[in-house]
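Subject: Structure handover

Hello,

Here is the structure you are taking over. My notes on it follow below.

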Amino acid sequence: MADIAHDMPVAAQAPPPRSSGLAGWLRANLFNGVTNTILTLLCVALIAVAVPPVIRWGLVDAIWSAPNGKSCHGGGACWAFIGEKFRFIVFGFFPANETWRPASVVGIFVLMIVAACDRRLWGRRLAMLWVVGLCAVFALMRGGALGLSKVETAMWSGLPLTLILAVVGMLFGFPLGILLALGRRSRLPAVRAICVGYIELVRGVPLITMLFMASLMLPLFLPAGFTIDKLVRAQVAFILFAGAYLAEVVRGGLQAIPRGQIEAADSLGLSYIQRTRLIVLPQALAMVIPPLVNTFIGIFKDTALVIVISLFDLLTTAETALSDVNWQGFYIEAYVFVGVIYWSFCFFMSRYSQLLEREFDRGKRR
Amino acid sequence: MSDAAASPPIVPAAVIELQAVHKWYGEFHVLRDINLQVGKGEKVVVCGPSGSGKSTMIRCINRLEEHQQGRITVAGIELNADLKNIDAVRREVGMVFQQFNLFPHLTVLQNLTLAPIWVRKLPKKEAEETARYYLERVRIPDQADKYPGQLSGGQQQRVAIARSLCMKPEIMLFDEPTSALDPEMIKEVLDVMTELAHEGMTMVCVTHEMGFARTVADMMVFMDRGEIIERAPPKDFFSNPQNERTRAFLSQILAH
């Protein structure tokens, strides 16, 4: 005869109380065991050593306003330098009396990016917003119409230039990457060969080389008197470069799609394009969000390389500001300032990728 | 080749017709001289040991696999390299897979309406009405807004059946529809399939569910090593198998 463990059904019970409160949390997370206690103490010591000097330099001893660089050398940071050079670092050589234009451009970019976070706007409306936004960016920067004075692309610099290169590079590089990834998996040998050749060639060459080629070699092949704007050439180089890298990330996602998904789509009579758009890509891209965003962040920071063809991105305008004879030696301040700007955009991208991951994870949640 | 395979029964108005079909995977001869006719409304159950080519054969019927020799005609359309023909056949043939193959990023309702909207070009509202009707039919009307991952295996397979039915196919292919299911879920799927059979759907099922085969099949087909070894109505097939290999297979599968 079988043992009967309970002769009556076990009634549902409340879960045991969680160990809560600050003390409980501390014990559970920081002091649970000898090793963790030692590590905790070491970390506390490290923070105690490192943080106060940074605060003293950056806040307590900092000089917030000064007539010139000479009177700004104390023990702390000279934020007066940033105050003095803010407009130049952020907007570069754009005519000073037109500063509202690049400032609006930065505002438009931030607006477009924030709008992309709103789930309700996804789809046609967001696409429309971005098209309008990019047109507005171009119109504001270039001028020459609507009563705006024309500003040559050589004057475009600082943060707007960095944002334009990065955002347009990603926006066009991404679809290019998807096409290349699909082409690399094509059944047609010629398409496959072209895509593999392209990806391997571009990936195998440093971005600096591509920028040089776009800037120095391309004009040699063009008919005399025919020129392409330098910024356009750099932008194209960026798109081509981003495409090659993104292609390999996307391909990783494509390869992870089970064969059964494709068979199911085929058996329902979906065409190749429908199958790719509705079944394969949504799943493949959702799977590779972390490496995609990784690549996007890389591309964003790679824009700093355009200095090799003397385009003045955000980092370069900061370095240029440092060469003012009246304000010399404020390297840390300049790099911290620029670093914070770069970091905020990259951090935003990272957060955005987490939002996307949560959004696309719904199907897997039980 | 055995005598039983040499003389296929004559079926009037065959909707599926395979004539001398051969297929190789590299050097490996997976399908050898397959001749099969399925009439309108007929139910054919295909069985055989694993690796015998049963799945390959039914996957040739909607061109998920390509045959290299012979002729396959489905609903009057010949399957050849012409992509238009392949699309036309796939519109008429529904398929249910062992692994369900639902689209995990879409809700149940979206799974069901996707092909009607994009392939049949139905308005969304109409596609959703059809979808809800078939969800009712497979007895899961209240799961329309869930994702496939939130359903049990049996429910997923019933959604997969409903997804195929939403395309209003003439023919349904089942490729081991219950093999990936826990035992207690097999019945709910077989019940749906039995109901479908009673309504006159033309069906080709690869399955080892012999109880289902007995009640539903008009014709049993036994395959081994890429050949059709024996075909017979289920009564004769189970009580009086002609071929030695059929007998061996049946004794194994019915022994427990």
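**The sheet in chain B**

In chain B, six strands form an open sheet with mixed pairing, in the order β6-β7-β8-β3-β9-β10. Its edge strands, each pairing on one side only, are β6 (93-96) and β10 (227-232) of chain B. On average, neighbouring strands are turned by 20° against each other, direction ignored. Strands pair if DSSP finds at least two bridges between them; helices (H or I, at least four residues) and strands (E, at least two) are DSSP runs, numbered from the N terminus.

This is a predicted model, in which local features need pLDDT of at least 70 and side-chain atom pairs count only at pLDDT 80 or more, while totals for chains, interfaces and linings use all residues. Residues are numbered from 1 along each chain as its sequence is written, chains are lettered from A and ligands numbered from 1 in the order in which they are written, and side-chain values use heavy atoms, with hydrogens and water left out.

Strands β3 (residues 43-47) and β9 (residues 219-224) of chain B run parallel and are joined by four bridges. C47(B) has F222(B) as its bridge partner in β9(B).

**Helices on the sheet**

Helix α2 (residues 54-61) of chain B packs on the sheet, touching β3, β6, β7 (171-175), β8 (202-206), β9 and β10 of chain B. Contact means heavy atoms within 4.5 Å. The direction of α2(B) makes about 155° with that of β7(B); axes are lines fitted to C-alpha atoms, for helices over the stretch in contact, and angles run from 0 to 180 degrees between N-to-C directions.

Seven of the eight residues of α2(B) are buried, so the helix is largely enclosed by the rest of the structure. Buried means under 20% relative accessible area (1.4 Å probe, protein chains only). Among the buried residues are K54(B) and R59(B). Just after α2(B), R63(B) has a positive phi of about 65°.

Helix α3 (residues 83-92) of chain B lies across β6 and β7 of chain B, at about 65° to β6(B).

**A helix pair in chain A**

Helices α13 (residues 314-322) and α14 (residues 331-360) of chain A pack at an angle of about 165°, with their axes 10 Å apart. They are therefore roughly antiparallel to each other (angles over 145 degrees count as such). Residues in the contact include L314(A) and L322(A) of α13(A) and Y331(A) and Y342(A) of α14(A).

Regards

Key. Buried means under 20% relative accessible area, exposed over 50%, partly exposed in between (1.4 Å probe, protein chains only). Angles under 35 degrees count as roughly parallel, over 145 as roughly antiparallel, 65 to 115 as roughly perpendicular and the rest as oblique.
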